[in-house]
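I opened this structure to note its contacts, its helices, its core and its pocket. The entries follow in the order I looked things up.

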Amino acid sequence: MMKAGEVGRIIDTILSIPGMNDPVKIDLKMSRKQVLLLSNVIARGLNGKDEQADGLLESLSSESKGELELLSAECLQKAGLTELYEKLRALGK
């Protein structure tokens with residue numbers, strides 16, 4: 001089994017492959033339930049609440065993490081769920 005530092009270097013190498021920063025268009029049809037769940041999963045992963053972390057999120061730059069947060073916010077906004085999501089998060093605290 002590889003050590004955490006080795007996994008981080010491999011992931012960093014993969015993320016540095018030419019073309020990895022190129023935008024891609026993904027046309028998704030998701031239920032509002034899936035949008036809420038996806039946003040929750042993104043938030044949990046970025047906040048380090050995943051005990052089964054594989055090293056991928058730990059190796060991301062702050063810019064990449066910010067892009068994931070923006071994606072989550074955009075999905076919530078497009079689904080009209082931003083306010084509901086914030087209220088659900090407040091209930092969970």
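I began with contacts, meaning heavy atoms within 4.5 Å. Of the contacts in the protein with a separation of 6 or more, 67% are between residues 24 or more positions apart.

I then noted what I was looking at. This is a predicted model, in which local features need pLDDT of at least 70 and side-chain atom pairs count only at pLDDT 80 or more, while totals for chains, interfaces and linings use all residues. Residues are numbered from 1 along each chain as its sequence is written, and side-chain values use heavy atoms, with hydrogens and water left out.

**Elements**

I counted 4 helices and 0 strands. Both are DSSP runs numbered from the N terminus, helices being H or I with at least four residues and strands E with at least two. The order from the N terminus is α-α-α-α.

**Surface and burial**

I looked up the accessible surface, which comes to about 7800 Å². Carbon and sulfur atoms hold 56% of this surface. Such areas come from the Shrake-Rupley method with a 1.4 Å probe, and for residues only the protein chains shown count as cover. Of the 93 residues, 17% are buried. Here buried means under 20% relative accessible area, exposed means over 50%, and partly exposed lies in between (1.4 Å probe, protein chains only).

**Core**

Which residues make up the largest nonpolar core? I found 7 in all: Val35, Leu36, Ala43, Leu76, Ala79, Leu81 and Tyr85. The elements giving two or more residues to this core are α2 and α3, and α2 gives the most, with 3 residues. A nonpolar core is a set of buried Ala, Val, Leu, Ile, Met, Phe, Trp, Tyr and Cys residues joined through side-chain atoms within 4.5 Å. I followed Val35 and, leaving out residues up to four places away in sequence, found that Val35 touches Met30, Cys75, Leu76, Ala79 and Leu81.

Is Ser39 buried or exposed? Ser39 counts as buried because its relative accessibility is 1%. Ser39 sits in helix α2 and touches Ser72, Leu76 and Tyr85, not counting residues up to four places away in sequence. Ser72 is in helix α3 and is also buried, at a relative accessible area of 8%.

**Two loop residues**

Met20 lies in the loop between α1 and α2. At 43% relative accessibility, Met20 is partly exposed. Asn47 is in the loop between α2 and α3, and its relative accessible area of 48% makes Asn47 partly exposed. I noted 9.7 Å between the C-alpha atoms of Asn47 and Leu57, which are 10 residues apart along the chain.

**Pocket**

I ended with the largest pocket, which holds about 1200 Å³ of space. On a 1 Å grid over the protein atoms alone, a pocket is an open set of points where a 1.4 Å probe fits, with protein on both sides within 12 Å along at least five of seven lines; lining residues have an atom within 4 Å of a point. The lining has 30 residues, and Val24, Ile26, Glu67, Leu68 and Leu71 lie nearest the centre of the pocket. Helices α1 (4-15), α2 (32-46) and α3 (62-79) each give two or more residues to the lining. The largest share, 10 residues, comes from α3.

Notes: Grid points are joined across faces, edges and corners, and a volume is the space filled by probe spheres set on the points.
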